[in-house]
Number of protein chains: 2
Amino acid sequence: VTTPPPEIHPAWLPPQVFRHIGSRRCLVHGAGTLVETVFEEVAAACADHGGSAWRGRSPARQPPADLVFALREADRPGCARLRHEPAPAALSTADGAGAGAVEDESFTVSRDGAVTTVLAEHPAGLLHGLFHVVRLGESAFAGAWPATRQRPAAGRRMLDHWDNVAVDPVMGQVERGYAGGSLFWRDGAARDLGRVRAYARLLAACGVNAMTVNNVNVHRTEAHLLTDRLDEVAAIAAVLRRYGIRLHLSVSFAAPVTLGGLATADPADPRVRAWWAATTARVYQTIPDFGGYVVKADSEGQPGPFGYGRSHAEGANALAEALEHHGGVVHWRAFVYNHRQDWRDRSTDRARAAFDHFAPLDGEFRENVILQVKYGPIDFQVREPVSPVIAAMPGTRVAVELQVTQEYTGQQRHLCYLAPLWSEVLQFRPWGPGASTVAEVAAGRRPDPGAGEVAAGAGPVGGGGLVGVSNAGDDPYWTGHPLAQANLYAFGRLAWAPELTPGSVLDEWIGLTFDRPPGGVPARLRDTLHAMMDGSWRTYERYTAPLGVGFMVRPGHHYGPDVDGYEYTPWGTYHFADRDGVGVDRTSATGTGFTAQYPPPWCEVYEALDRCPDELLLFFHHVGYGHTLGNGSTVIQHIYDTHFAGVEEVVRMRGLWAGVADLVEPRLHARVGERLDEQVRGAGEWRDQINAYFHRKSGVPDARGRRIF
Amino acid sequence: VTTPPPEIHPAWLPPQVFRHIGSRRCLVHGAGTLVETVFEEVAAACADHGGSAWRGRSPARQPPADLVFALREADRPGCARLRHEPAPAALSTADGAGAGAVEDESFTVSRDGAVTTVLAEHPAGLLHGLFHVVRLGESAFAGAWPATRQRPAAGRRMLDHWDNVAVDPVMGQVERGYAGGSLFWRDGAARDLGRVRAYARLLAACGVNAMTVNNVNVHRTEAHLLTDRLDEVAAIAAVLRRYGIRLHLSVSFAAPVTLGGLATADPADPRVRAWWAATTARVYQTIPDFGGYVVKADSEGQPGPFGYGRSHAEGANALAEALEHHGGVVHWRAFVYNHRQDWRDRSTDRARAAFDHFAPLDGEFRENVILQVKYGPIDFQVREPVSPVIAAMPGTRVAVELQVTQEYTGQQRHLCYLAPLWSEVLQFRPWGPGASTVAEVAAGRRPDPGAGEVAAGAGPVGGGGLVGVSNAGDDPYWTGHPLAQANLYAFGRLAWAPELTPGSVLDEWIGLTFDRPPGGVPARLRDTLHAMMDGSWRTYERYTAPLGVGFMVRPGHHYGPDVDGYEYTPWGTYHFADRDGVGVDRTSATGTGFTAQYPPPWCEVYEALDRCPDELLLFFHHVGYGHTLGNGSTVIQHIYDTHFAGVEEVVRMRGLWAGVADLVEPRLHARVGERLDEQVRGAGEWRDQINAYFHRKSGVPDARGRRIF
């Protein structure tokens, strides 16, 4: 970056978006930490914009107000504190199975006469209601409309930070981070918390309510957060608490050995269980609203129950047991596969691994275990089918994990608005048309396992919610690429309301981030950002690995193309391109049998070459270069065409941005401009390498005679 | 390594090899540091083995001796000190052009009656004579034989250490080091020097007489060795001096800016020259026998004269001027190429770069500039043609650089005895049959540039000698793989006597290293080591990149195969394999024109497809997979056959080693055994990846029906 760093960018909460509230007479009533937060926000807005704010026990006894935030249960202060004051025993209710947590945060908003009213059962509802009113802007104060109830689809909307406390020699301060250093840690120690507070506020404003602050790969230093460095964690938790965000910790399955000095971490060993119980009790003494543990076990070198001949259910349950009566949960990651595979062995299929490991365990997990499943069967590629694990475990709480940080989607040097990808995943129906969506499974709704139909509302167990790997760091723009803020915002919003369209979420984000009083965002800027961002994921897909085959990235850092980079490695990510064709045969008939992990209709759709969607063709089938796609093109010509087109789209994107220089703050404009330059370069590199690779292999010339190297 | 570390291994100087000397009556006479060293060595041997050692001014006045080391010029002490005492003014003579330095170290050895006598003009000759007698063993004391004169072919026989003082975050303590940490530096500071002394002794025993102690990539910490950390360097120099080894420093061309605080490092700027003069003078005040500078300029990101619009002659001469009257030299590396090349551009050829940069500058370098040229035009590959630069610069002192550390030849996990490769290079005749060899050019002999014939003896300028990049570190076996010690030994021996055959050098090394009194090395062990090592370079070639095409290694660390790893990168190292064929067209007729950089006959031999040696075919030509080689096989079948054969040879090697477990110290045997296991695994990986890659591309089945994945 050659432009001078700006002050910390306000992201989607620039001061002016509070002017609609801050110019009114505002009443806040109720008690509890989050009600205090709502009042502070409202009072600060009024101080900035000329309005007035006051507290009151009951709306009836107050002077006339334009905007009222009221806790229905304010007369019962014990209840108002339910989730937000140190009252561990009560917390367990909110964390049990079912939809309880969702109701906790719900609110109604209405406008009657000249008064806009936000009502909630619990303080968290008021907090989310506040930011709802911020999003409504001036329209919150126009006309009259009936009460609408807002409630989050998923009770848990968690951001995972893959942040290291001590800088890792290979992965740095933030593993897969592309936005500077960690917001929480620097060079082995906790950072000043001022910025954490601003971060928590941004997250609350888009709907996030849970967070891990350390990497799922738990290294030596980070392990101690659980025990002797708990005070540092508690200080962060105190800041998050004021914005309704509960803190979770990533822990090592080997902690009883590495921290506890025991000879084993065998989950069946009573001493091990006692250690987890005692350690967890100490955590709750220090952090009464602690959320729970996140565990990456038996995965990419992390220790796990396999080391003791135990199943992952036994492993997860041992930790869950320790958390249960404190109201905590275990997020247990399903990302378990053999990363020492032999590339010569075509019968082993990494895509099968999570299902093979976990589906047989369905029903064996305790209620406070959440199985955290990556959205696709491989690893956050730009295009994957939805993981079959999501449909395979009706007796298990399932959380769906998305990657907000752009490890495989341009590393925040490329503009790639990910909400369309996530929306496709969340709206996917694993049991076919009419049945539940992935979002509904994550919220706890799924088909009756007996009847194969949808049971609306609570299923046999609750939902696990949505988890995103954060893209934020100490970069002045939070996310490196300023426009990547939209991904962080969209994650929170889709977790709360997955039915929102990606375009409408983007529109919200533009409206807040680029707000310019008095009229809001200039139409030309709004249109330009939509034109750049709405289709940017598809554009990224066009110029990178084709037709769902994935993983043609440089090994290690995963930036830029290397078609064969993982082809002869132990990582299980292959494309099998030869002079005749390309793709992975995952059919049941002739391939690895992965398709059989899906329920109908998808097992049949993916199995059949003529029914498999084009964009997933090479994920499921090995085909000749001359194979004709559903879109009428051959595979090889499709590769050429999409790669030329993708780069042209990026060039167009850069031109569009140049055209709004007059409407955007100069430093932000320059930062985005630099990234677009790199994206043009990088996309050209992808185009040329992919096209050259397949041209050299296939020998088929481009039908349009364009230059291939 | 799973076996416990042994004590420091004595390498080729185990105590017992001194028993032949140590059991005799030995007279040492003469004065000077190195005569003291000879006497210490002889006295220690006699203390161990029951002989006696004494000093004397003249042999005539002494009691009868079995072994005499005598300085002919001992009566002229001033002369005896010429190169070995702090006498800066005198040093310049030895460092000037011509063969002076060679004579300095020569000696005669003879046996008359019952007395073996080593005579030398200068103390260094006695030191080398001592180790000559050690090598002779008991035969030094049998029969009678006339005086033979031994003199080194090249005056300068230098080892370069790519050691960092501060651990580099990417390259570690030793760049391209595979033998533990640095012998000189640890975590930013100089180490205890006890081991440096042992190292210097080993090097003197094989003929090395010059050394750099820091990486040619001069990072920030290392730059200060030249100025404020000179005391640490001087302490090392004092240890090396006692074994006849002069210390050189790698320096940064930008030092006048980074260390001197000047605004420029422009070699034409008088202030820059003054800075170099003053800095160099301070170095000589501290280290009177300092050897000089080694410079990697305008190469892979290092600063250089191009940054100031100056030629490399101007750059080198500025430093040479500062060194000249102190008797120092500049080793200026010819490894200059564009490492930001566009892989799409097939007209740019990295192989051409050194010639294109330096040949036009011939005659412009000062006499104390030595152009240090890698043996091949690319970068230490297992097979390259000899660099055309070596024949292109009759008016320049040329040193040939070899890589003892096995960056591209198995990283001391694979057994690869490199002397056969070096011997081929050194015996190569750039001007064809009858003309000088590369070894002769390095020694200062080359054809009369006018007549195109060989001018024996001193040419228009002196020779630059031989330089090796060391493979030694603080590993207990010095070199990681215990048998890689043979490479270090062979480097020194071939630098002294390039006419030695690789087999005879290996035999010497075996005889010393595995000596077992009283009878020496058991014949079965000697035969086994020859069977394992004589052909190990060819074996390594067989299972790695085929037919001279090179560089199919994993990017970055360069270990193991990745056929396309560098294919689409800016590094200029390509193979251009497609479905029809493979190889780089470097002909003048249709390719990059690299062949024209060679004098006849090689320009014609390499240009002609039917004359080009098989083993370099793909370095010079792009051919179809069906092309028939000189050996009668097709290219594709040759690839399959050699890769299967190479692995079989490694398996055989491992079996041979298992068969001598009874004859080798157990820990050493285990260490070598572990490395052979890894070599078997690694060779299999090479075989399978290379064969799979070319099978997928070519579609040609193996004629012998073996399994290709």
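I take a salt bridge to be a side-chain nitrogen of Lys or Arg within 4 Å of a carboxyl oxygen of Asp or Glu. With that rule I looked up B:R696 and found its side chain joined to that of A:E567 in a salt bridge, at 2.8 Å from N to O. Across the interface of chain B and chain A, the rule gives me 6 salt bridges.

A note on the ground rules: this is a predicted model, where local features need pLDDT of at least 70 and side-chain atom pairs count only at pLDDT 80 or more, while totals for chains, interfaces and linings use all residues. Residues are numbered from 1 along each chain as its sequence is written, and side-chain values use heavy atoms, with hydrogens and water left out.

Next I checked the extent of the interface. I find 26 residues of chain B in contact (heavy atoms within 4.5 Å) with 26 residues of chain A. The buried area (accessible area, 1.4 Å probe, that two parts lose on being put together, summed over both) is about 2,400 Å², and carbon and sulfur atoms give 45% of that. Of the area that chain B buries against chain A, B:Y568, B:R579 and B:R696 supply 34%, more than any other three residues.

Then I turned to the fold of chain A. Here 8 strands close into a barrel with parallel pairing, in the order β7-β12-β13-β14-β15-β16-β17-β20. I count two strands as paired if DSSP finds at least two bridges between them; strands are DSSP runs of E, at least two residues, numbered from the N terminus.

Key
Chains lettered and ligands numbered in written order. Helix = DSSP H or I, 4+ residues; strand = E, 2+ residues; numbered from the N terminus.
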